[in-house]
Amino acid sequence: MVVSLLITNIGQLLTMQGAFPRRGKAMSELGIIRNAAVAIDGDRIVAVGAAADLEKQCGPARCPVIDTHGALVTPGLIDPHTHPVFSTTREDEFEMRLQGKSYMEIAQGGGGIRRSVRDLRSTPVSVLLAKARLRLDRFLEHGVTTIEAKSGYGLSTESELKQLEIIRELDETHPVDMVPTFLGAHEFPDEYRENREGYIHLLIDEMLPAVAERKLAVFSDIFCEEGVFDNAQSRRIQEAALKHGLKLKFHADELASTGGAELAASLKAVSADHLVYISDNGIAALAASGTAAVLLPGTSYSLGSKKYAPARQMIEAGVVVALSTDCNPGSNNSESLAMMMSLASVQMKMTAAESMSAVTVNAAYAVGRDDIGVLAPGKLADLVIWDAADVRELPYHYGVNLVRTVVKRGELAIVCD
Ligand code: NIG
Ligand code: FE
């Protein structure tokens with residue numbers, strides 16, 4: 001066996017081998033091996049198993065070795081819903097919310113997404129690249145090795161392409177891998193407020209074809225919400241995206257119950273995201289489908305809401321549940337999936353094991369990938385060595401970064417000790 005790196009003396013190795021994706025009770029199964037090792041060759045895993053066995057085959061004398069001294073080791077975390085390319089932050093809106101203004105009131109007054117759009121359009125590419133690169137560094141420091149990354153702050157053909165090209169450039173030059181999503185239907189931009197049908201035509205006739213022709217996105221997403229894109233508009237736009245070979249995601253039932261989850265399931269979307277106000281029908285529709293629910297508890301937290309997505313009901317109904325930060329300048333500015341796991345525990349009663357499934361295997365499923373999120377021969381060598389010995393420490397010991405070492409595609413990307 002040729003091995004370029006051996007990670008050994010692992011106290012608790014979560015291989016996440018087993019069902020893909022995980023539903024119901026299977027979300028608690030983590031494929032745990034104790035006293036384990038992982039052997040890597042190049043960017044792939046070649047073996048996982050008992051440390052004693054693997055050390056015999058490729059021990060310290062024969063290849064570089066990391067001794068974790070009994071640590072917890074997991075797959076690199078996957079964030080399946082982010083908006084990481086933006087210019088300035090919106091902490092003033094955060095403070096306005098503390099004083100009682102709602103997210104929608106701020107948006108309707110010209111702030112919110114439209115403000116970030118004006119801002120992105122007038123910011124040079126070099127500045128946007130530098131700012132997004134810092135966010136990716138922070139994701140990596142927090143153990144995240146792959147993110148889904150949306151456009152949606154351009155809302156013109158030129159500026160949406162600019163944002164997707166930045167995502168492509170970052171994917172090629174930064175260790176964090178990115179799965180690109182076109183979100184031209186994030187809002188109606190200032191110049192189309194009185195001509196909404198005109199913007200839908202622009203999306204369908206010009207933007208989607210341009211994105212598809214340049215192969216700049218894997219997914220098409222939409223903000224399906226009261227006052228933004230209604231269900232009929234969402235269906236039209238997403239059906240057009242399907243014709244261009246894009247897979248679907250939805251921002252659904254985030255601020256009100258509008259049947260977004262049912263629409264996503266009926267269009268065979270890969271995921272429906274947010275779902276704070278999902279109905280019982282919506283839960284049944286997701287459970288009966290292959291559409292994953294991506295839950296974003298940090299958004300409820302940062303919006304100052306007491307209402308979180310009904311995760312327990314979804315898990316018990318058999319919905320594929322994933323977790324994400326939603327990292328964006330408005331509703332939640334955070335790059336820490338571990339913090340989302342903590343919120344998922346306290347606010348949505350998810351166990352640490354369920355949360356771990358939600359940020360590995362189920363997050364991989366939600367971004368349409370089966371080569372990440374699992375530690376097994378042939379999979380990408382993306383993993384995290386934690387300053388913890390047991391997975392239950394992660395949601396419990398919150399608000400600090402417990403990542404010790406990150407291996408990305410077989411290379412040491414972050415080393416904290
Ligand atoms: O997922 N809801 C729409 N999009 C983002 C917020 C984007 C913003 O406020 O800039 C979300 O919450
Ligand atoms: Fe979002």
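Predicted model: local features only at pLDDT ≥ 70, side-chain atom pairs only at ≥ 80, totals over all residues.

Me: How far is the side chain of Tyr 103 from an oxygen atom of ligand 1?
Reply: Tyr 103 is among the closest residues around ligand 1. A polar contact is a pair of N or O atoms within 3.5 Å. Here the distance from a side-chain N or O atom of Tyr 103 to the ligand 1 oxygen is 2.5 Å.

Me: What percentage of the exposed area of ligand 1 does the protein bury?
Reply: Ser 331 has a polar side-chain atom 2.6 Å from an oxygen atom of ligand 1. Taken alone, ligand 1 exposes 330 Å² (Shrake-Rupley method, 1.4 Å probe). The protein buries 100%.

Me: Which residues coordinate the iron ion (ligand 2)?
Reply: Donors are N, O and S atoms within 2.8 Å of the metal (3.2 Å for Na, K and Ca); water is not among the atoms, so sites may look incomplete. The donors of the iron ion lie at 2.1 to 2.3 Å. They are His 81 (NE2), His 83 (NE2), His 251 (NE2) and Asp 326 (OD).

Me: How many residues apart are His 83 and Asp 326?
Reply: The donor spacing in sequence is H-x1-H-x167-H-x74-D. The pair His 83 and Asp 326 links distant parts of the chain, and the separation is 243 residues.

Me: Which peptide bond is cis, with omega near -5°?
Reply: Look at Pro 21, in the loop between strand E1 (5-14) and strand E2 (32-41). Strands are DSSP runs of at least two residues, numbered from the N terminus. The cis bond runs from Phe 20 to Pro 21.

Technical notes: Residues numbered from 1 in each chain as written. Chains lettered and ligands numbered in written order. Heavy atoms only, no water. Near = heavy atom within 4 Å. Polar contact = N/O pair within 3.5 Å; in protein donor to acceptor, adjacent residues only side chain to side chain. Helix = DSSP H or I, 4+ residues; strand = E, 2+ residues; numbered from the N terminus.
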